[in-house]
Each structure stands twice: as C-alpha cells, then as structure tokens.
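Reader: I am new to this structure and would like to go through it step by step. Could you show it to me before I ask about its parts?

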Amino acid sequence: MTTVKEILGEMRSDSEADRELVAKAYEFSKKAHEGHTRYSGEPYFIHPAAIAKQLAEMGMDVTTIVAGLFHDAVEDARAVPKEIEKEFGKEVLFVVEGVTKLGKHKYRGAERHAESLRRLLIATASDIRVLIVKLADRYHNMTTLEYVPEEKRRRIALETLEIYAPIADRLGMGKMKRELEDLAFPFVDPDAYAHILEVRKLATKETEPGLAKVQKVLRHELVKRGLRDFRTDIRIKGLWSLHQKLKRKNDDITKIHDIAALRIIVAGENDCYTALGIVHALYKPLPGEFKDYIAFKKPNGYRSIHTTVLTKDAGIVEMQIRTEEMHRDAQYGIASHMSYKQLHKEASRGSFATLSFSWVRSLIPSLLNFSKKPSTPMSLASDNGKSAESPRWLSELAEAHAEIAGSREFVEGLKEDFFSHRVFLFTPKGDVVDLPYGATPIDFAYAIHTDLGDHTQGAKVNGKLVPFETSLHNGDVVEIIRRESAHPSEKWLAATKTALAKKQIRTALGLTEVGRRRQRVRRRRTTPRNS
Ligand code: MN
C-alpha cells in the first residue's frame with residue numbers, strides 16, 4: 001500500500017498547506033473506501049493511493065493529487081460531493097466529477113470510431129487535469145488487469161490501446177503512452193506479444209556488448225571535447241511500438257535501427273548541437289535519417305535530435321540528443337508543464353484553471369487531429385479509420401482563440417464552445433455523430449441518412465422511447481425506429497436544430513422547389529396506379 005509519506009515525498013510543492021491537504025485527503029479517502037475491495041481481493045484504497053503517488057511523481061499540482069485520491073469515491077457513493085467541496089475545495093470536486101463523467105463513455109468496439117471517441121473524451125474532459133487523472137487511473141488498472149474477469153480484459157486492453165495511449169501521445173506523455181501500450185499488448189494479441197518479446201530479446205542481446213562499447217567511446221570523446229555535464233543511457237523500444245514498426249517494414253527486422261537507441265542528455269540546447277557534431281565526427285551518419293525535433297518540434301511538443309550512425313562496434317545505432325528538460329517533457333509531456341511554480345504564477349495572475357495555457361493552446365491542433373477541411377456531421381459518423389476530418393467548428397474555435405490564448409477567456413471559451421455548441425452521440429452500433437447542442441432525435445436521424453429521417457417513426461435514447469423534441473446529451477445512445485409509412489410533418493420543423501434536417505423536412509413536405517418538383521413526380525407516378 002502506497003503510504004502518505006511516499007506521496008508527499010514525490011510532491012513538487014513544498015507548501016505546508018498543500019502537504020497537509022494531501023495528508024488529510026489520504027485519510028479521508030482511506031476511510032471512504034473502507035471495506036471495499038479490488039478484484040484482486042486487496043483493499044480498494046491501494047488504487048487511489050497509487051494514482052495519487054503517480055500524479056505527484058508527474059509533478060501535478062495539489063488539486064490533481066487530491067482529486068486522484070477521490071476519483072472513485074463519488075461514483076461508488078463512498079463520499080458525498082458536498083463534503084469534498086467543503087473540505088477540499090471546488091476545483092477538486094470539479095476534477096473528480098470530470099473523471100466520473102469520462103468513465104461513462106465506453107468504447108463500443110469498432111476501431112474505426114476510435115478517433116471520434118478520443119475527441120469525445122477530450123471534449124468532455126474540458127480541463128486537462130481530468131484527462132491526466134483518467135490516464136493515471138487507466139495505468140494503474142492496467143497493472144492489475146489479470147485480476148479482472150476474463151471476458152472484460154480484452155475490451156479494456158483494446159480501449160487502452162485505441163483510446164488512452166493515443167491521448168497520452170497527443171499530450172506528449174511518452175512514458176505513459178509506452179507503458180499503457182505494453183501493458184495492453186499481451187491481452188489484445190498474446191501470440192504477437194510473445195513473438196515480439198522474443199524478437200526484442202534476441203536483438204538487444206546481440207547489440208548489447210557493442211552498444212556498451214560505443215557508449216564508452218562516446219562518453220570519452222564528449223569529455224575530451226569539453227562537455228562535462230551530461231549523461232548517457234540506452235533506451236529500449238517498447239514492444240507494441242516495435243510490433244507496429246515491424247508491420248510497416250514487412251517484418252524485416254534488419255530495417256529497424258532503433259530497437260536499442262543511445263541517449264545523450266546534456267545541460268543546454270547548445271550542447272545538443274555540440275554533441276551532435278562530436279557524434280557525426282566519430283561515426284558516419286546515415287543519409288536521410290537525421291531529424292532535428294528541436295528546431296522543428298513535433299505537434300505533441302516532443303523535442304530531441306535523432307540521428308542514425310554507423311558504428312564499428314554495434315553496427316547501425318540511433319542516437320537521441322536532448323537536454324534534461326526536453327527529456328522530462330518527452331516523458332511527462334503536458335504534465336511537466338504544470339509544475340507547481342508555473343501553476344503558482346498562473347494562479348496569481350488570476351486565471352481560472354491552473355493550466356499552462358500556452359501549452360494547451362499549442363496542443364489543441366494535435367489533440368484534435370486537425371485538418372483544415374470543413375466537414376459535415378456525417379464525416380464523423382462515416383469515419384472509416386483513416387485520419388478523421390475534424391469538424392469545421394473546431395478550426396473556427398482554434399482561430400477565434402488564437403489571439404486570446406493565455407487568458408482566462410481562453411479556457412472559459414474553450415469549455416463554453418465544447419459544451420454549448422456540440423454534443424457527441426452514439427448510434428446503437430457505436431458510430432459517433434456530432435451535432436449542435438440542443439439537437440433532437442430528428443436531427444440525429446437526418447444526420448445519418450435522409451431516408452432514415454424521412455421515415456422516422458420513433459426514437460429511443462439510452463434504451464427509452466422519447467418524444468421527438470427531446471434534447472440530446474453528450475454520450476447518449478440514440479436509436480431511430482424506421483417505418484416505411486412514417487413521414488415528416490410540419491411539427492417536426494420546431495423539433496429540429498440543424499439546418500440540414502430543416503431543409504430535408506421542408507423538401508419532404510413540398511415546401512421547397514425541389515420538394516414541389518419531387519411531389520409532382522410522385523403524384524404523376526402514383527395517380528394512375530391508384531385510380
Ligand atoms: Mn479508478
């Protein structure tokens with residue numbers, strides 16, 4: 001069981017008040033979860049305690065750590081929201097409730113909708129800290145997945161691979177991404193896992209002695225050329241990542257040069273280029289294999305220099321050169337930008353959430369997988385697994401906010417736009433349809449297909465029959481009952497929100513030119529038969 005001392009030991013903040021709050025929350029949550037056990041039979045509290053420790057290790061603020069301790073308490077009715085708010089503050093409750101809400105959106109299978117679900121989660125989270133607690137939660141659950149009933153394991157592991165690991169990646173949390181993937185891999189494809197494990201073992205065993213030699217030579221040379229403050233280590237590629245790369249390279253292991261890479265971590269950015277010069281003077285670089293992610297950082301914020309060189313002792317070796325700060329960023333991503341000092345600065349400026357705003361802004365495009373192409377609601381529903389188009393409202397949102405980023409309005413605006421403008425809905429098969437806020441089952445039916453809209457007999461939301469004018473909410477499962485004899489009526493116009501549905505209803509009612517023409521044709525066709 002993670003002790004409170006361990007959590008406090010990892011905490012970045014040295015404020016006495018913060019530390020006392022965490023200690024108090026620890027006892028409070030422990031009591032709330034008393035008598036409650038995990039699938040493994042262990043006390044339930046080991047779970048929130050482990051999460052709190054991890055959040056502290058990631059450098060998260062006190063609000064996030066405390067929210068981690070309570071993330072399952074409200075859902076399991078072990079603690080009353082009011083009490084949490086009174087004892088630990090509004091922000092803690094906000095994050096706890098955010099995590100609870102996220103848990104309601106379940107992955108319903110189809111891989112091709114993963115992108116939409118990722119977006120849904122990001123939109124629902126509204127505060128990045130909610131996502132970070134959720135990721136820590138998922139991580140700890142994955143470490144104990146073997147105790148979960150067998151029929152649930154694969155779904156949870158798939159969801160981790162398809163939804164949570166990519167979100168961690170987009171938040172720049174490289175360590176989290178890799179660990180989630182490698183924890184999920186054996187449950188998703190045990191045979192491939194065993195195979196890749198063997199492949200990696202053989203490959204590293206082969207290169208290990210040579211790599212140690214290269215490391216020694218290199219360290220010697222770096223010191224000789226005046227670099228004093230640096231360290232080197234060997235990073236072994238993750239199993240899932242190796243599996244994916246092998247597939248891309250037609251299973252040709254000789255085409256993969258980064259199973260084991262040599263990392264050089266230096267003090268300053270200039271030292272990166274000095275080290276690069278030394279590496280290239282020592283070993284011949286492979287053409288086309290050099291990447292300067294310092295000058296051009298990746299969309300998720302990743303910074304490092306990568307170069308692949310030919311060595312005598314270990315053959316082809318990838319070298320990754322970065323500063324200590326870049327290294328931390330690559331591991332913890334957005335979390336590392338939310339350190340106590342920064343939070344404190346933001347907070348004293350009076351901003352709402354203690355987020356690193358510029359970071360959130362710079363992440364939005366990659367978070368939401370931007371493309372400039374405008375799209376209709378259907379493009380989400382018909383998303384077939386290729387990189388999904390993002391809806392126009394998102395690009396508009398980003399443009400509108402480009403200037404005011406870093407301000408209170410930015411975060412408020414972001415929440416506002418997500419919540420007041422769009423809802424994400426599911427078909428019974430798990431397709432995601434995104435519609436404006438206030439949309440009704442009629443809008444939903446027309447967003448799927450005109451024919452379905454034109455023959456809507458009734459609608460079920462989350463399994464219950466509802467009236468046509470019902471407003472739909474994020475995460476609702478909407479089932480349209482189709483009947484050939486059902487037809488639009490004038491009343492439907494008042495029960496729709498989207499221009500698309502209104503237009504189709506008018507057309508069906510013969511209120512538009514197209515509609516009138518269509519009705520004339522229909523009459524001509526049906527009259528002789530009827531008489
Ligand atoms: Mn949990």
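Reader: Which residue's side chain does the side chain of Asp-476 join in a polar contact?

Author: This is a predicted model, in which local features need pLDDT of at least 70 and side-chain atom pairs count only at pLDDT 80 or more, while totals for chains, interfaces and linings use all residues. Residues are numbered from 1 along each chain as its sequence is written, and side-chain values use heavy atoms, with hydrogens and water left out. A polar contact is a pair of N or O atoms within 3.5 Å, where within protein one must be able to donate a hydrogen and the other to accept it, and residues adjacent in sequence count only if both atoms are side-chain atoms. At 3.1 Å, the side chain of Asp-476 has such a contact with that of Asn-462.

Reader: Is Asp-476 buried or exposed?

Author: Asp-476 sits in the loop between β10 (464-466) and β11 (478-482), where helices (H or I, at least four residues) and strands (E, at least two) are DSSP runs numbered from the N terminus. Buried means under 20% relative accessible area, exposed over 50%, and partly exposed in between, with a 1.4 Å probe and protein chains only. Because its relative accessibility is 9%, Asp-476 counts as buried.

Reader: Which residues does Asp-476 touch, leaving out those up to four places away in sequence?

Author: A contact means heavy atoms within 4.5 Å. A polar atom of the Asp-476 side chain also lies 2.7 Å from the backbone nitrogen of His-473. Beyond residues up to four places away in sequence, Asp-476 touches Phe-424, Leu-425, Phe-426, Val-461 and Asn-462.

Reader: Where is Asn-462, and what is its phi?

Author: Asn-462 lies in the loop between β9 (456-461) and β10, and with a relative accessible area of 47% it is partly exposed. Most residues other than glycine have a negative phi. β9 and β10 form a hairpin with two residues between them, and Asn-462, in the turn, has a positive phi of about 50°.

Reader: Which residues are the protein donors of the manganese ion?

Author: Donors are N, O and S atoms within 2.8 Å of the metal (3.2 Å for Na, K and Ca), and water is not among the atoms, so sites may look incomplete. Along the chain the donors of the manganese ion follow the spacing H-x23-H-D-x64-D. Asp-72 is in the loop between α4 (62-70) and α5 (81-88) and Asp-137 is in helix α8 (residues 128-143), so the pair ties together parts that are 65 residues apart in sequence. Lying 2.2 Å from the ion, the protein donors are His-47 (NE2), His-71 (NE2), Asp-72 (OD) and Asp-137 (OD).

Reader: Over which residues is the pLDDT below 50?

Author: The pLDDT is the predictor's confidence in each residue, from 0 to 100. The protein chain averages a pLDDT of 81, and 79% of the residues score at least 70. A stretch with 155 contacts in the model beyond near neighbours in sequence has a pLDDT below 50, and it covers residues 340-420.

Reader: How many helices and strands does the protein chain have?

Author: The protein chain has 531 residues, of which 52% are buried. Among its contacts between residues at least 6 apart in sequence, 65% join residues at least 24 apart. The counts for the protein chain are 24 helices and 11 strands.

Key. Two strands pair if DSSP finds at least two bridges between them.
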